[in-house]
Amino acid sequence: MSRLTARLALSCAVSLALSAPLAQAQTTSQPSPAPVPAPRSVPSSFADLANRLLPSVVNVSTSAVLKPGKDEDKGPDSSSPDGPQVPQFPPGSPLEKFFHDYMTHKPAPNRPPRRMQALGSGFILDPAGIIVTNNHVIEGADQVSVTLQDGTELPARIVGRDSQVDLAVLEVKPKHPLPAVPLGHSDAARIGDWVVAIGNPFGLNGTVTAGIISSRGRNVEHGLYDDYIQTDAAINRGNSGGPLFNLSGEVIGINTLIYGGAGGDSIGIGFAIPADDARGIIDQLRKTGHVSRGWMGLKFQNVSYEIAEDLDFHKADGTIGKGALVSEVGPKSPASQAGLQVGDIITRVGDQDVTGQTMPRIIASILPGRKTELTVWHKGSTRTLPITLAQSPNAPDMPPSDTHQPTHTKAAFGELGLTVRSIDAEMRTQYALTDDQRGVLVDRVEPSSPATSRGIAVGNVITQVGQDQIDTPDAFAKAIHQAQEQKKTEVLLLVQDDDGLRWVPVPFLGN
């Protein structure tokens with residue numbers, strides 16, 4: 001299969017899974033035929049379903065700093081396929097020309113960083129304010145906000161994110177419980193079931209489209225965990241992170257990709273992350289902020305028809321076997337310790353049948369340290385091997401710390417002669433700070449103060465007080481007060497300036 005050049009789209013879909021009563025089996029002396037679902041007519045309207053689900057779909061707006069020389073060619077006309085998209089304007093319109101000129105302009109080397117706005121979709125999973133979207137919608141953002149259907153805009157904190165499956169969890173603090181929707185069971189959805197998309201394509205909030213599930217288990221070579229639901233429901237830029245519902249109003253998928261035509265517009269081929277794949281990822285993100293994945297330490301490939309024939313690999317009923325063919329076993333890896341060998345074929349992990357396509361996500365869903373069993377075909381015979389999975393060597397994606405500003409954004413310390421503030425999007429732009437910069441920013445230094453005498457200046461970043469890392473003015477204040485309670489005459493600060501990090505002992509006023 002040729003590689004699909006799938007483009008990330010911003011989409012939200014509602015899948016309508018039709019269930020039908022089984023036809024009565026005939027009672028004869030011959031074996032009964034397989035039950036066939038009775039056909040149902042096309043729904044006369046999706047209005048009631050859409051009216052019920054619209055309040056659960058949100059607009060996700062992000063802001064990020066673009067540094068000079070980085071991402072300068074990216075924008076609505078040449079957007080990276082791995083990042084959020086912005087709405088396009090009608091060709092030839094003044095706004096289109098302005099946006100094109102602005103986004104493709106190459107800044108001078110000494111020009112300060114500029115800001116980039118982007119839009120996506122999401123859905124409310126928990127009435128307390130938990131929202132699910134795509135990782136590519138919020139990746140690199142230093143400010144995230146969520147707009148509800150009624151126009152209420154709320155600042156959002158990134159609880160956790162995972163680039164491997166392209167999921168992110170946000171949190172807002174609403175005054176009242178929000179209308180949430182449940183995760184359904186995508187494995188029960190069938191090809192041909194109706195789907196409805198609700199999202200914010202091109203910034204058009206609350207757009208509803210309908211279609212069917214076109215295929216299941218699609219591998220579009222977008223990553224290691226390809227297992228997408230394909231749908232022909234119209235999804236476009238601006239819908240990424242939105243839900244795919246069934247007729248019961250359950251989320252069976254999260255839309256994340258489109259196979260687009262010219263300019264990335266929808267041609268009726270969209271892809272959604274199955275809810276049954278996303279469920280465990282979302283749970284981990286909510287609990288820990290990142291995803292821990294199991295790891296076996298081997299390489300494998302899918303067993304094709306030709307490979308199965310060459311190896312005489314068949315099931316008990318004589319049909320061609322399916323599984324993952326081991327091509328390399330890492331030394332001292334969990335796979336090696338379990339006794340796996342090159343040429344073995346893994347057919348089951350625990351109680352789940354696997355192929356070379358499905359095994360990565362099944363293994364990754366098992367937490368490190370957990371024990372499971374592998375069913376392995378070895379030179380014509382089947383055996384069961386116990387294995388304890390290790391932690392994946394790939395570092396997890398960690399969420400930024402400043403997408404939700406603390407309660408107190410400033411604090412003054414007369415005993416040191418300085419004022420510090422939290423690092424927000426504006427400060428990152430003004431002082432050209434990186435997206436992963438941590439600490440508090442020096443906002444003011446009093447003349448003739450202890451801080452001035454030690455060379456601390458406005459724009460410096462304080463990252464630690466002694467051995468304690470600090471990210472907010474309140475945390476800085478707590479560390480200073482602890483030093484004072486311990487009767488210390490000075491405090492040791494780790495300060496970052498244009499020359500890098502340095503330790504600075506700063507005496508308290510009067511010492």
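Let us begin with the aromatic rings: a search of the whole structure, which is a predicted model, turns up four aromatic pairs. One of them is formed by Y228 and F271, a tilted pair with 6.2 Å from centre to centre and 55 degrees between the planes. Y228 belongs to strand β11 (residues 228-231) and F271 to strand β14 (residues 270-274), so this pair ties together parts that are 43 residues apart in sequence. Both Y228 and F271 are buried.

Another pair brings F413 and F476 together: their ring centres are 4.8 Å apart and their planes stand at 85 degrees, so the pair is edge-to-face. This pair also links distant parts of the chain, with F413 in strand β23 (residues 410-413) and F476 in helix α10 (residues 473-485), 63 residues apart. F413 is buried, because its relative accessible area is 4% and the limit for buried is under 20%. F476 is buried too, with a relative accessible area of 0%.

Now to the charged side chains. Side chains of opposite charge can pair when their charged atoms come close. The structure holds 13 salt bridges, and the table shows some of them.

| Salt bridge | N to O distance | Relative accessible area |
|---|---|---|
| E171 and R157 | 2.6 Å | E171 23%, R157 34% |
| D276 and R279 | 2.7 Å | D276 22%, R279 24% |
| D353 and R348 | 2.5 Å | D353 57%, R348 27% |

Where do E171 and R157 sit in the chain? E171 is in strand β8 (residues 167-171) and R157 in strand β7, 14 residues apart, and their pair links distant parts of the chain. D276 and R279, on the other hand, both lie in helix α4 (residues 275-288), three residues apart, which is about one turn of the helix.

D310 counts as exposed, at 68% relative accessibility.

A last stop is Q149, found in the loop between β6 (143-147) and β7 (153-162). Is Q149 buried or partly exposed? Q149 counts as partly exposed, at 48% relative accessibility. Q149 and N205 are 56 residues apart along the chain, and 7.8 Å separates their C-alpha atoms.

Technical notes: Residues are numbered from 1 along each chain as its sequence is written. This is a predicted model: local features need pLDDT of at least 70, side-chain atom pairs count only at pLDDT 80 or more; totals for chains, interfaces and linings use all residues. Side-chain values use heavy atoms; hydrogens and water are left out. Rings of Phe, Tyr and Trp (its six-membered ring) pair if their centres lie within 6.5 Å; planes under 30 degrees apart count as stacked, over 60 as edge-to-face and the rest as tilted. Helices (H or I, at least four residues) and strands (E, at least two) are DSSP runs, numbered from the N terminus. Buried means under 20% relative accessible area, exposed over 50%, partly exposed in between (1.4 Å probe, protein chains only). A salt bridge is a side-chain nitrogen of Lys or Arg within 4 Å of a carboxyl oxygen of Asp or Glu.
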